[in-house]
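User: Could you take a close look at one part of this model with me? I'd like to understand the space left inside the protein and the packing around it.

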Amino acid sequence: MTIASLIASPSELTDAASNKTAIVLMTRIRLARNLAAQPFPGWAKPAQRTRIAEICTAAVAAATPLKRSLNVAVDQLGELEKQILVERHLISRELSGSKQGSSVIISKDQTVSVMVNEEDHLRIQVLRAGFQLKKTWNVINELDTALEASLDYAFSPTLGYLTACPTNLGTGMRASAMMHLPALVISSQMEKVVRAVNQLGMVVRGLFGEGSDASGSIFQISNQTTLGESEEEILKRLTSVLQSIIEHELNAREKLLEADSGKLFDKIGRAYGIMQNSHLLNSSEAMNLLSLIRLGIDLGVFPDANRSTIDRLFIEAQPGHLQHAQKGEFDPAQRDLLRAAHLRSEFANFVRPDFTLINSNGKN
Amino acid sequence: MANPLKCDLCDKPATVHLTQIVSNKVHKVDLCEACAQAKGVTDPSGFSLSDLLLKASLNPESGPGAMRCESCGFTQADFKKHGRFGCPACYDAFKGMLEPMLDGMHKGTKHTGKIPQAALARQTLHERLSKLELDLSDAIKSERYEDAARTRDEISQFKQAPDQSPPR
Ligand SMILES: [Zn+2]
Ligand SMILES: [Zn+2]
């Protein structure tokens with residue numbers, strides 16, 4: 001598979017959207033793994049990095065979920081291509097800036113990606129649309145076991161999987177969920193949620209912006225610690241934290257509707273109007289408007305079938321995707337024009353909001 | 001203030017103060033403007049508080065200053081600079097400074113999760129194979145040819161499937 005055909009293919013995140021993805025857009029797990037008796041990527045000499053990459057990519061490309069995958073060295077990718085992979089959550093910013101000897105292997109369906117010579121020799125990642133921690137864990141666990149059959153992992157019985165940074169020791173696992181939490185943001189409860197979640201040993205990060213007022217109201221919640229608990233225990237704790245956040249978001253939606261539905265409807269209606277008529281949209285404003293339309297879908301104001309369009313636009317409205325679609329590089333002001341034009345055309349035939357269809361509890 | 005807080009990474013006065021709670025322990029990091037910028041505190045996508053906590057917990061005056069990993073040449077000063085280790089063997093070399101650090105960083109200090117069974121089994125297999133090869137040369141030396149033939153058969157059986165798990 002080539003990078004061009006991968007970019008042209010729909011990804012898990014934009015295609016699988018349904019009412020099952022209403023609040024949790026995506027589940028993602030990554031495992032950090034290293035080869036025994038080899039220096040970590042940041043300390044390895046160029047020849048060692050090349051050797052490590054050869055060993056790792058050979059093993060990874062032979063694993064079943066990664067047959068006929070994209071297998072490419074990072075220095076063979078253009079800036080825009082790298083940016084697109086970052087925007088699709090398939091590689092990290094760190095990998096996209098890394099030197100010779102780093103590569104990435106991405107499955108055809110873009111649910112599995114393995115970064116080679118990022119901070120660790122291997123960063124294995126599996127993502128799934130919706131709230132699917134268990135299934136995601138099963139897939140990545142199986143892939144990890146398959147790789148271990150041919151790779152000698154650096155492992156200590158007391159410290160677990162040995163990683164370049166001690167913050168990843170033990171399971172080497174970072175499990176996360178991307179959540180859409182517009183009602184908690186609108187009702188200014190996000191700061192409280194962030195604090196409570198931190199106390200439970202989980203981290204909250206805005207996906208497109210600052211901490212508790214991220215644009216698009218999309219947050220990533222993940223485990224902070226990796227040593228001292230099994231994978232199952234970590235996933236169980238994360239699951240219960242996520243469930244309680246979902247509960248709070250649903251309650252916040254209900255309260256917004258009860259307290260001042262006019263204000264909420266106004267926000268959603270205006271978002272629709274701007275989408276159809278604006279000529280300049282920066283990234284942050286576009287994310288916030290898309291978030292309101294998405295909330296409208298969850299509430300029944302727009303048909304459920306439109307959720308996948310919005311999830312696709314969340315990704316297409318980002319700089320890498322915008323520029324790639326226009327086959328060129330553009331400065332931020334030009335991008336705002338392009339973004340507005342793209343959203344205008346997408347919303348030209350987008351069904352009008354119908355506020356009589358509201359389902360009062362906000363639950364689908 | 002008579003005694004302004006100093007940056008955890010350098011010695012300039014700290015102007016950025018961060019607090020995070022991990023496993024019910026409160027962690028505080030104080031940074032100067034320059035270090036906060038350099039560590040991406042202003043860029044949420046690239047910022048990890050745990051990395052900072054890690055560096056802040058590394059007081060250069062504590063512990064033997066001359067720790068060095070024999071396998072990769074990594075020193076304690078390198079760790080202070082990068083916040084990452086040089087190779088897996090560094091975890092043995094820097095054991096002394098690791099333990100207090102892990103205590104505040106994680107839920108526990110002992111791994112209770114997945115174990116790479118296949119890799120460990122492969123290790124056992126290799127050990128068995130080298131033992132058989134030793135047996136073989138012993139048998140030949142002491143002219144126990146029946147033993148030698150049997151051992152040779154066993155070895156060739158192993159070698160047919162060098163990367164398989166041993167029979168259960
Ligand atoms: Zn400083
Ligand atoms: Zn070392």
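Which residues lie nearest the centre of the largest cavity, and how many residues line it?

Analyst: Happy to! Please keep in mind that this is a predicted model. The largest cavity has a lining of 12 residues, and those nearest its centre are Leu25(A), Met178(A), Asp311(A), Phe314(A) and Ile315(A). Two elements of chain A each give two or more residues to this lining: strand 1 (24-33) and helix 11 (307-316). Helix 11 of chain A contributes the most, with three residues. Sorted by class, the lining comprises nine nonpolar residues, two polar ones and one charged one. The space inside the largest cavity comes to about 100 Å³, and the count of cavities of 30 Å³ or more is one.

Now for the packing. In soluble globular proteins, nonpolar side chains tend to be buried together. Here the largest nonpolar core holds 87 residues, and those with the most contacts inside it are Leu122(A), Ile124(A), Met179(A), Ile221(A), Ile245(A) and Phe347(A). Helix 9 of chain A (residues 231-277) supplies the largest share of this core, 17 residues.

Definitions and conventions: Residues numbered from 1 in each chain as written. Chains lettered and ligands numbered in written order. Predicted model: local features only at pLDDT ≥ 70, side-chain atom pairs only at ≥ 80, totals over all residues. Heavy atoms only, no water. Core = buried A, V, L, I, M, F, W, Y, C linked by side-chain atoms within 4.5 Å. Buried < 20%, exposed > 50% of the residue type's maximum accessible area, 1.4 Å probe, protein only. Helix = DSSP H or I, 4+ residues; strand = E, 2+ residues; numbered from the N terminus. 1 Å grid on protein atoms, 1.4 Å probe; cavity = no way out; pocket = protein on both sides within 12 Å on 5 of 7 lines; lining within 4 Å. Points joined across faces, edges and corners; volume = space filled by probe spheres on them. Nonpolar A, V, L, I, M, F, W, Y, C, P; charged D, E, K, R; others polar.
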